[in-house]
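My entries follow in the order I made them.

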Amino acid sequence: MASRRNLAAVVAAVLIAGLLVPAPAAAAALWRFAGDSLRTDLAGEKFYFVMPDRFANGDTGNDTAGVAGDRTVNGFDPTDKGWYHGGDLAGLTRRIDYVKDLGTTAIWMTPMFRNRWVQGEGAGQSAGYHGYWTTDFTQLDPHFGTTADMTAFIAAAHARGMKVFFDIVANHTADVIDYAQHQYSYRDKASFPYKDANGRPFDDRDYVNKPFPKLTASSFPYTPVFRQPSDATVKVPAWLNDVTLYHNRGDSTFQGESSQYGDFAGLDDLFTENPVVRAGMIRIFELWIDRLKIDGYRVDTVKHVNTEFWQVLAPAVKAYAAKRGRPHFFVFGEVFDANPDLTSYYTTTAKLQAVLDFPFQASARGFAAGAPAAQMAALFGSDDKYIDADSNAYSLPTFLGNHDMGRIGWMLRTDVPAANDAEILARDQLAHALLYFSRGNPVVYYGDEQGFAGTGGDQLARQDMFATRTAIYAADDLIGTDRTTTTDSYRPDHPLYTTIRRLADTTARNAALRVGAQIPRLADGSVLAFSRIDPKRQIEYVVVLNNGKTDRTVAVPTYSVGMRFDRIYPGAGSSTSGADRGLVVRVPALSAVVYKASRAIDRPAAAPAVRVDAPTVDASSGRLTLSAAVPGDGFNEVTFLVAPEGKPLAVAGTDDNAPYRVYLDPTRWRHGQRLTVVAVVKDSAGRVAADSRSFPIS
């Protein structure tokens, strides 16, 4: 039986919100919202992020893209870290079982579109082997192979149960536009406003999602011109050759307005506020959904594009994919920032399905290097900021390092300089255990599983998996092995490969470790502990990690009295929770252990209750915080519904661990408008209670 506490108030809230139905039906309508925390289309994936140019060379015939000449012409020079090295789709397909056997369920590759092969001058000249200097969004770069090669690769991945994600850039294109003034410092909007074709100043913000004023080359702070005559038609689709569809304000300082309006290191920054640009980019995203059976996109440099662009593009692309028979298509973005207030903004207000979890990366790096466990626990404590009606933190791709910031091995050597090789390996393995056992979707950066470390970020972290001819890569001091990269690096016996494969196998056999609710349990010095639980099966897992250099024995709270927990990682063993529901666990230094309950958690003795608290404003994000209090410490899920005055109730999100709360953008409503808040709690026995209150928005 569902609890009827405050039922009259709840029914009144439903009626006030505009659901003009009889009270019993209104109550039933509310009760159906007592569901489980969302797990989106991406939840449960295990990614392998690969840079194809550096992974495997399966066809030497495309190394120079079929163009004769030196590296300044075709971009190929495998002896230099900044040029094409010959890796391609044929090589990736040939080595696909190596990727699959790591436990991978999704492959994300750097952009594969036709690129500006060579950019820059003198010592700053390099090639577009990485794919982020796009000139033609409708063709693949011939250095990597043909569309037929890509089709074969995707078919091979799908045959092995792996999804394929394309990387794409909507913020900028290759650098083919110069300025007539030959000056490049950023010119701000206040001092240099845009002007329409008649010379009248205007603010582009007044025209977002509206017909734009007509522009000419003289409308901008700098006069855009092509670097060479052939550049006037080099971009495809053709609309990309219109210089008035770029911001033309000079180089970004990555501060203030320049972060969205400035050129990213000189790359041509698209005028994404203009609906012509947005419509054109949507069609590009749709084009590859039509051509290839890809499963989603990772979108580059998201925070450098205006919010309104994403609010239209992301839902439009997912809807288009659904019409094309791919309802689980997923779009996630790169927001290069360690502040969850900012990253969560893009999954809630900006409407992206997920973003790469840079805050997790920063905290996980710190934990693996020995930072107090409380710092990692605090990061997980901010997960509620990602909750809304269609996403939450469980959909976030999590990672330890990447092609821009560098590899986790290098970071650990930097952060723990006195550590010997054995300790660095142990800390690297601990970092991956945290990555795989905590919420989110782990992303392994290619080569990390072979102990690649490098000496920094960017080009210093983009080693060859095949036998390298690049001196600085050959000198890389690999973690966990005495081998070098002068021979192929596809060793399934490398200790990091075997660790990651075991982690992946453990989570594959215990789905709750990937998609179960994550419940914070303990942050005690070097020890971090949390539970993972499947709301349907009600089996609790306890994960305990120790980043200290001495063994620890701790008592971890659980949901059950006298429950036998069996150790499933690593090895065997068991422990039984006490009368206080504490599970005593010994966790060795620099390692992780996982225990699985032998049966479902204890049924709560009392039916649930819930109380809606008065909203507050979150000091760090400025968002409206809705919260609810639930007595006791059992496993509960609380769904929040909101109804601004005169509007129907809408789901704001479901939280599956205390404190129960969601964060809302207050600009959605006018000052003084009343907001009805309903909280519906479901306990682990499936019993339901609800409460509602109405508040003025201040």
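**Entry 1: asparagine 74.** I listed what asparagine 74 touches, skipping neighbours within four places in sequence, and found Thr64, Val67, Ala68, Gly69, Tyr84, Trp117 and His143. Contact here means heavy atoms within 4.5 Å. The model is predicted: local features need pLDDT of at least 70, side-chain atom pairs count only at pLDDT 80 or more, and totals for chains, interfaces and linings use all residues. Residues are numbered from 1 along each chain as its sequence is written, and side-chain values use heavy atoms, with hydrogens and water left out.

Where does asparagine 74 sit? I found it in helix α3, residues 71-74. Helices (H or I, at least four residues) and strands (E, at least two) are DSSP runs, numbered from the N terminus. Is asparagine 74 buried or exposed? Asparagine 74 is buried, because its relative accessible area is 2%. The cut-offs are under 20% for buried, over 50% for exposed, and partly exposed in between (1.4 Å probe, protein chains only). I also noted a polar atom of the asparagine 74 side chain 3.0 Å from the backbone oxygen of glycine 69.

**Entry 2: strand β21.** I moved to β21, residues 539-546. Eight of its eight residues are buried. Ile539, Tyr541, Val543 and Leu545 point one way, while Glu540, Val542, Val544 and Asn546 point the other.

Which strands pair with β21? I found β20 (residues 527-533), antiparallel over seven bridges, and β26 (residues 591-600), also antiparallel over seven bridges. Two strands pair if DSSP finds at least two bridges between them. Valine 527 has asparagine 546 of β21 as its bridge partner. Tyrosine 541 stands opposite lysine 596 in β26. β20 and β21 make a hairpin with five residues between them. In that turn, glutamine 538 has a positive phi of about 65 degrees.

**Entry 3: the open sheet.** I traced eight strands in the order β16-β15-β14-β7-β2-β1-β18-β17, with parallel pairing. β16 (354-355) and β17 (397-399) stand at the edges with a single partner strand each, so one side of each has no neighbour in the sheet. Phenylalanine 47 stands opposite valine 443 in β18.

**Entry 4: proline 659.** I found proline 659 in the loop between β31 (650-655) and β32 (660-664). Proline 659 is partly exposed, because its relative accessible area is 48%.

Conventions: Polar contact = N/O pair within 3.5 Å; in protein donor to acceptor, adjacent residues only side chain to side chain.
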